[in-house]
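The exercises that follow are meant to be worked with the sequence and the 3D view open side by side. Try each task before reading its solution.

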Amino acid sequence: MSRERFERYVLIAQRFGARTVLFQEAAARRLDLTATQLECFQLVRNEGPLTASELARETGLTRASLSVIVDKLAARAFLSREQDPADRRRWILKSDPEAIATVDAIYVDHVKRTTALLDEYGDDELDAALRFMARLTEELKATTIELAGDHPPAIRRGPR
């Protein structure tokens, strides 16, 4: 890919990423959650059930940080924890069906508008966009795991 093509992509990707983060922050506030808590719930919902260790790996969060998040989500009945029958030291996280309905309810208007937007594209265009998004999702997952590794911050700016 030429540098010019990447630069065309990166401008839109950065704007999309920023809008996605702000959108999820607003959605999380409606649920009295943090954006990280909401994203952890969504990962368990969409990729689960997951163990706490798997969720820590997926998010790049430390186990201690994730423990606090899971405790809050469990206390609020967004997630349930079940002991793994094959290994009693492991806990399996599952999303709660009522919590899924609660979360989905805040996205109703967004779903309507997005559905209308999707209807503007033919099947081939949509399939190409979805293939790209699926591959980019895997790239972002790999990069998240890589960046979250046991490495000191690459750049420090100002006092902490």
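Predicted model: local features only at pLDDT ≥ 70, side-chain atom pairs only at ≥ 80, totals over all residues.

## Exercise 1: Placing a residue

**Task.** Decide whether Ala 134 is buried, partly exposed or exposed, and find what distance separates its C-alpha atom from that of Glu 4.

**Solution.** Begin with the relative accessible area of Ala 134, which is 44%. Buried would require under 20% and exposed over 50%, so Ala 134 counts as partly exposed, with its value of 44%. Then turn to the distance: Ala 134 and Glu 4 are 130 residues apart along the chain, and their C-alpha atoms are separated by 23 Å.

## Exercise 2: A nonpolar patch

**Task.** Identify which residues form a nonpolar patch on the surface, and say which helix provides the largest share of the patch.

**Solution.** The patch is formed by Phe 16, Leu 130, Phe 132 and Met 133, and together these residues have about 430 Å² of accessible area. Helix H7, which covers residues 123–147, gives the largest share, namely three residues. Met 133 has its place in that helix, and with a relative accessible area of 45% Met 133 is partly exposed.

## Exercise 3: Reading the sheet

**Task.** Work out in what order the three strands of the open sheet are arranged, and which of the strands are at its edges.

**Solution.** The order is S1-S3-S2, and the pairing is antiparallel. Strand S1 (50–51) and strand S2 (79–84) are the edge strands, since each of them pairs on one side only. On one side of the sheet order, S2 and strand S3 (residues 87–95) pair in the antiparallel sense over six bridges, and a hairpin of two residues joins S2 to S3. Individual partners can be followed in the view: Gln 83 has Trp 91 in S3 as its bridge partner, while Arg 81 has Leu 93 in S3. S1 and S3 also run antiparallel and are joined by two bridges, and here the bridge partner of Thr 51 in S3 is Ile 92.

## Exercise 4: Salt bridges

**Task.** Find how many salt bridges the structure holds, and explain why the pair of Asp 104 and Arg 45 ties together parts that are apart in sequence.

**Solution.** The structure holds seven salt bridges. In one of them the side chains of Asp 104 and Arg 45 meet, with 2.8 Å from N to O. Asp 104 lies in helix H5 (residues 97–106) whereas Arg 45 lies in helix H2 (residues 35–47), and therefore the pair ties together parts that are 59 residues apart in sequence. Asp 104 is partly exposed at 33% relative accessibility, and Arg 45 is also partly exposed, with a relative accessible area of 25%.

A salt bridge also links Glu 82 with Lys 94, and their closest N and O atoms are 3.1 Å apart. Because Glu 82 lies in strand S2 and Lys 94 in strand S3, this pair ties together parts that are 12 residues apart in sequence. Glu 82 is partly exposed, with a relative accessible area of 35%, and Lys 94 counts as partly exposed at 31% relative accessibility.

Arg 89 and Asp 87 form a further salt bridge, in which the closest N and O atoms are 3.0 Å apart. With a relative accessible area of 72%, Arg 89 is exposed.

## Exercise 5: Backbone exceptions

**Task.** Determine which residues a cis peptide bond joins, and in which loops Asp 32 and Ala 77 are found.

**Solution.** As a starting point, most residues other than glycine have a negative phi, and most peptide bonds are trans. Gly 48 and Pro 49 are joined by a cis peptide bond, with omega about 0°, and Pro 49 lies in the loop between H2 and S1.

Asp 32 has a phi near 60°, a positive value in a residue other than glycine; its place is in the loop between helix H1 (3–30) and H2, and with a relative accessible area of 53% Asp 32 is exposed. Ala 77 likewise has a positive phi, near 65°, and is found in the loop between H4 and S2, where it is partly exposed with a relative accessible area of 41%.

Notes
Residues numbered from 1 in each chain as written. Heavy atoms only, no water. Patch = residues over 30% accessible without salt bridge, like charges linked within 9 Å, V, L, I, M, F, W, Y side chains within 5 Å. Areas by Shrake-Rupley, 256 points an atom, 1.4 Å probe, with all protein chains shown as cover. Salt bridge = Lys/Arg side-chain N within 4 Å of Asp/Glu carboxyl O. Helix = DSSP H or I, 4+ residues; strand = E, 2+ residues; numbered from the N terminus. Buried < 20%, exposed > 50% of the residue type's maximum accessible area, 1.4 Å probe, protein only. Pairing = 2+ DSSP bridges.
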